[in-house]
Amino acid sequence: MAHPIEHTFATPTEVQPGILRLTLPLPTGPRHVHCYFLRGDDGWLLVDTGLGLMETPWDEILAHLDGPVVRIFITHMHPDHVGGAEEAAAATGAQVFQGRLDYAQCERVWGTDDWPERIAEWFLRNGVPPEVADDLIESGHVFADFVRFAWNPTLVDPGDEIDGWRIHPTPGHADGHLVLHRGDVLIAGDTLLTPITPAVGLYPDSRPDPLGDYLNSLHLVSELAPRVSHGGHGEPVADPIERCAAIAAHHEKRLDFTEAALGSAPRSGYDVSRDVFGVTLAAIQRRFAVAEALSHLERLVALGRARRVEDDRTVAYTAQLAGGRPPF
Ligand SMILES: [Zn+2]
């Protein structure tokens, strides 16, 4: 079924007083990404910047605003959010703010040359056959040349405020993901989406249990209890607490599937991804599937429901019972 947001516009539209939404095109995935303009005392705060793959008509966009963009805030370092940051900063003259951990990972992935090799090694280690690994690496790095993040942004930390918006950490979809909360509104980045479910994957050098992080982040959002949440893709979330519960339940079910894929013989993240997500996936989807299978496997390990078996070359997983119950 076609998604309601089929078109992208260079015209920001008001989603509520003081908050404008700008929708930019993406060549893949959900096909669009939302940025937000939040009204501040001395101008607008722009949240996220699109991919920057197609040149964004910033002059045309900015002409719709009744004041200057004075600050830019990045929720997380994925290409569709940070890729256009340099261009947006140049077009507005605004200062860019990005999370400290998020910027470190942004530089490591998009600002260095060795990331493709490091992720290749890591895929092989997780059981991806070499010929498949080549495809996965290529598909994952297709955007790399287009990502123009802003170098040396002003680094922010959880608990800081920007234009009266409190910055909260919501690791999971990305380790350094940050959201903005003010009054009863959440600007959620990709932490809370509808109708799609944010991807939660394990990647090289990422925090050890991203799904555990993410479930905690959903809990945090529930406690903030915003009336509405505006995310990076899809529709505004009209009942954030309910949506948090639904996404948590989705992962509980997927944890059960993942656990069911394990037995006494060690199985790799790649093998398990074929059980949980099917055997016929395009390279880019397989990449997410492997990362997502691994985040669920590591959560199961943390819960004592699976075991990780590793040597110098490979990582694999077995059912917890295969080696007997833990002695405590
Ligand atoms: Zn996104």
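Tutor: Let's take the open sheet, which has 5 strands in the order 8-9-10-11-12, with mixed pairing. Strands here are DSSP runs of E with at least two residues, helices are runs of H or I with at least four, and both are numbered from the N terminus. Two strands pair if DSSP finds at least two bridges between them. Bear in mind that this is a predicted model, where local features need pLDDT of at least 70 and side-chain atom pairs count only at pLDDT 80 or more, while totals for chains, interfaces and linings use all residues. Residue numbers start from 1 along each chain as its sequence is written.

At the edges of the sheet stand strand 8 (161–162) and strand 12 (228–231); each has a single partner strand, so one side of each lacks a neighbour in the sheet. Further in, strand 9 (residues 165–169) and strand 10 (residues 178–182) run antiparallel and are joined by 4 bridges. Within that pair, Arg-166 sits opposite His-181 of strand 10.

Now follow the chain out of strand 11 (185–189): the loop between that strand and helix 7 holds Pro-195. The peptide bond from Thr-194 to Pro-195 is cis, with omega near 5°. Most peptide bonds are trans, and most residues other than glycine have a negative phi.

Next comes helix 7 (residues 210–224), whose axis comes within 7 Å of that of helix 10 (residues 283–302), crossing at roughly 85°. These axes are lines fitted to C-alpha atoms over the stretch in contact, with angles from 0 to 180 degrees between N-to-C directions. The two helices are therefore roughly perpendicular, a label for 65 to 115 degrees. Pro-210, Leu-211 and Gly-212 of helix 7 meet Ser-295, His-296, Arg-299 and Ala-302 of helix 10; contact means C-beta atoms, placed from the backbone, within 7 Å.

Val-47 is among the residues with the most contacts inside the largest nonpolar core, which has 56 residues. Such a core is a set of buried Ala, Val, Leu, Ile, Met, Phe, Trp, Tyr and Cys residues joined through C-beta atoms within 7 Å. Its largest share, 5 residues, comes from strand 3 (residues 32–39).

Beyond four places in sequence, Leu-46 touches Cys-35, Phe-37, Val-69, Ile-72, Ala-88 and Ala-94.

Then there's Asp-48, in the loop between strand 4 (44–47) and helix 1 (58–62). Its phi is near 70°, a positive value in a residue that isn't glycine, and with 27 C-beta neighbours inside 10 Å it counts as buried. Asn-152 has a positive phi too, about 50°, but this residue counts as exposed because it has 9 C-beta neighbours inside 10 Å. You'll find Asn-152 in the loop between helix 6 (130–140) and strand 7 (154–156).

How values were computed
Angles under 35 degrees count as roughly parallel, over 145 as roughly antiparallel, 65 to 115 as roughly perpendicular and the rest as oblique. Two residues are in contact if their C-beta atoms, placed from the backbone, lie within 7 Å. A residue is buried if 20 or more other C-beta atoms lie within 10 Å of its own, exposed if 12 or fewer, and partly exposed in between; C-beta atoms are placed from the backbone.
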